[in-house]
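Colleague: I would like to go through the labels used for this structure and hear the grounds for each. Please show it before we start.

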Amino acid sequence: MTATAAETAVSHPSTFRRALATIGVQNVSLLLALAALVAFIGVQNSNFFYASNIATIGTTVAIVGVLAVVQTVVMLLGGLDISVGSQAGLTSVVSAMVFMSTGSALAGIAAALVLGLCTGLLNGVVIIYGRVNAVIATLATFAAYRGVANLVSNGRAQGYTGMNHLFVFLARGDILGIPALIWILLLVALLVQLMLHFTDIGRNIYAVGGNATAARLAGIPLNRYIIGIYMLVGVVAALAGILLTARTGSGQPTSGSQGLELQSITAAALGGVSLQGGRGTIVGTILAVILLGVLENGLIILNVNSFWQDIAQGALLVIAVVIQQRRAGGRGVGLP
Amino acid sequence: MTDPVVLKMENVAKRFGAVQALRGVSLSARRGEVLALMGENGAGKSTLLRLMSGVHQPDEGSITVDGQTVIFATPHAARESGVRVVVQEPEIIPDVSVAENVYAGALPRRGRLFDRTGLYAQVAKDLARYGFTGVIRPEQLGRTLSPAQRQIVEILRALTGGARIIAFDEPTSSLSDHEVESLFRLITQLTVEGIAVIYVSHRMKEIFRVATRILVLRDGASVGERIAAETNDGELVRMMVGRDLSALFPRSPRQIGRTVLRLRDVTTEDVSGISFEVRAGEVVALAGLVGAGRTELAHAVIGDTPILSGSVEVEEKPLHLRSPRDAVRAGLALAPEERKQQALLMKRSVRDNICLSVLSRLQKFHIVSRAEESRIARRYVAELRVRTPTIEQEVSTLSGGNQQKTVLARWLARQAKLLILDEPTRGVDVGAKADIYAIIDKLAAEGSAILVISSELPEVLGLADRIIVMQGGRMRGELTRDEATEEKILSLAILEDAA
């Protein structure tokens, strides 16, 4: 009898641990941080809990959210894409300009998606065949794509999409009372999650990020994977560009897309994606996106100077990575 | 005069995990003498040097310098006591001068300013004193140095740091003949200065050229010490070999069949003119010393590094290799020596690691059935007796032997036609070793072709049907199972003018 008692006593923490392991320590801490933040903001200003405010948070995070989801995939591979914001800006301008000249929203959207595919392909080709470090390559295209966006638009907002049903639906429509923007974010996150979890492609992405040499010796075509994922990022960045056009009613070369790279990387890192690749989940990233959205909204509601937002973002990115490094337990010399 | 013994190690032992690297070795280094350390790969020479240089600390035994017991907790402590190990590839800062490399950390200053002129003058004086004037200039940049010059920088560091015991770890492996000559002159010079030299090498000629005494190690224990003038090649080779592990090697009847892999004159950056074949149901071993080009050959055959000329044929069809993917698709597989760095996803489960090679076969419209994966993983975990609580276990928590079995399981799941196993039992305990030998035997009996690279002679003799010996990137000979002995293999692998 004593033995049974001892066993149950032992099995309790292990069940708890197993539950914790399933959800993930990272995700639990994100949920706790989110709860604390919500409680803090809610106590200061109860307007925070209005349904309209919640919907606002949802629509604000949609654009950065889709980018964070694909940023997660690139980071799982062991790469990084700094050019996501510039790609979104460029495709935003192009979607509006094609829409204005053809009168067709679908043509504008298609043009943006194809362009996104091409900008992503270029990133991948520079990285693989130029043997350029991913950070440097996408830092270069970050500047170049922004330049192209400003060049074709003369640096000004382009066109007006506020009269088009499709664009208006994307920006303000809803299905079952939930904004279309949120549906799009959920759909993108779900598709990527399914890909990562249930397909050989997803599993190989984790393998490449976890140990590229082992993946190569096991016969996985690394180059194809890396270029393919950068193309996926390009397409999703184009989707973000289209949503940006829809929300602002015109093609925006820079405003609205500036800072998206920082936000998407911060969200992924905060969500537990390892900068070395191979580790991380979409669920973690989405939780981090919501956390960042709530923080931004809270700072506005509480009338905090908006410059603080950038400071908070930067601080969070550093904190997220410091926590990651501590948990990895590595002790190195020189620069990481 | 006083006792000539400056460094004394008594009964030092060191264990790494399951591997007992040193089991009670004693040595004495005397001033003005050269003590040579010999032994097969894995005999414990490198571990002994690491204990001397403070990289590792002995589990048992003592180290004394000038009769004082010392504890080398760090490499710095060893240097303070005057012990210095010159490694094969010394750390050289590429973009600063030789002089700054020599005095790194202790640069002379005039007031607050770095005294460049003074430094160059000092180093020029040092060079003259040790007879290197003209060989190397103080202002030369680190990156422009040849391997021999790099070693000279390291030796200067040692001497200017007041070293009295200098150990060389295979110093000539990256040197040209001419450079080897200057190194020998230097060693003579060092002994004249009263420094105790320890010299580790495989090369008989060199040993007899420089050594005063020779200490032979085998399996982490010392076999005996000889005065160089009173011994010969034959005696040393006999002392180095002679382990008996035959009980570990099961041997089922093998049916040798068609040729699976054929190499014709394969030449890469590291090896040249390699031609041999491996047939179904046959275990071929590539023997030789570390650095003979065997691992490099394996990586070329698997498509990881380019083949410059010659051809690889799989089942009589030429194989065009652009990446390992081509080799894997043709049915070749490599279990690399560096399994943590090159084979395993350390943070993933046993199942993910096993199924890595078969995902592309399991998928339908890119969707992979988890149940099917688990079935395959369970099957091979049972078949190879991988000791793991579940197939969900993270691979990094398993022992070396079970990690190696996981890698083997990956390629069995893929049903590879030819397996290349590079040092399959390195860092593996004896029990798992026996399991791995049994797996290799069973695979061969079932008709797989297997190429084993091993630096352990008993392993080579116990496993192989045929043995190919390499030295310096070339084939030195081929022995059948019946004619092969440890002496014959070692002679082909070590002696420069062997038949």
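Colleague: How many salt bridges are there over all chains?

Modeller: The model is predicted, and the count over all chains comes to 42 salt bridges.

Colleague: What makes Arg213(B) and Glu33(B) a salt bridge?

Modeller: Their closest N and O atoms are 2.8 Å apart. The cut-off is within 4 Å, between a side-chain nitrogen of Lys or Arg and a carboxyl oxygen of Asp or Glu, so the pair qualifies. Arg213(B) is in strand 11 (residues 213-218) of chain B, while Glu33(B) is in the loop between strand 2 (19-30) and strand 3 of chain B, 180 residues apart.

Colleague: Are Arg213(B) and Glu33(B) buried or exposed?

Modeller: Arg213(B) is buried, and Glu33(B) is buried too.

Colleague: Why is Glu139(B) called partly exposed?

Modeller: The relative accessible area of Glu139(B) is 40%. Buried would need under 20% and exposed over 50%, so Glu139(B) falls in between. Arg137(B), at 45%, is partly exposed by that rule as well. Glu139(B) and Arg137(B) form a salt bridge, with closest N and O atoms 3.4 Å apart.

Colleague: Why is Glu235(B) called partly exposed?

Modeller: The relative accessibility of Glu235(B) is 23%. Buried requires under 20%, so Glu235(B) counts as partly exposed. Its salt-bridge partner Arg226(B), with closest N and O atoms 2.8 Å away, is partly exposed at 29%.

Colleague: Which strands of the six-stranded open sheet stand at the edges, and what makes them edge strands?

Modeller: The order in chain B is 6-9-10-3-11-12, with mixed pairing. Strand 6 (83-86) and strand 12 (221-227) of chain B each have a single partner strand, so one side of each lacks a neighbour in the sheet. The twist averages 20° from one strand to the next.

Colleague: How do you know that strand 3 and strand 10 of chain B pair?

Modeller: Pairing takes at least two bridges, and strand 3 (residues 34-38) and strand 10 (residues 196-200) of chain B have four, in the parallel sense, so they pair. Ala36(B), for instance, has Tyr199(B) in strand 10 of chain B as bridge partner.

Colleague: What makes the contact of helix 5 with helix 7 of chain A nonpolar?

Modeller: The axes of helix 5 (residues 105-129) and helix 7 (residues 165-172) of chain A come within 8 Å and cross at roughly 65°. Helix 5 of chain A contributes Ala105(A), Leu106(A) and Ile109(A), and helix 7 of chain A contributes Leu166(A), Phe167(A) and Leu170(A). By class these are six nonpolar, no polar and no charged residues.

Technical notes:
Residues numbered from 1 in each chain as written. Chains lettered and ligands numbered in written order. Predicted model: local features only at pLDDT ≥ 70, side-chain atom pairs only at ≥ 80, totals over all residues. Heavy atoms only, no water. Axes fitted to C-alpha atoms, helices over the stretch in contact; angles between N-to-C directions. Contact = heavy atoms within 4.5 Å. Nonpolar A, V, L, I, M, F, W, Y, C, P; charged D, E, K, R; others polar. Buried < 20%, exposed > 50% of the residue type's maximum accessible area, 1.4 Å probe, protein only.
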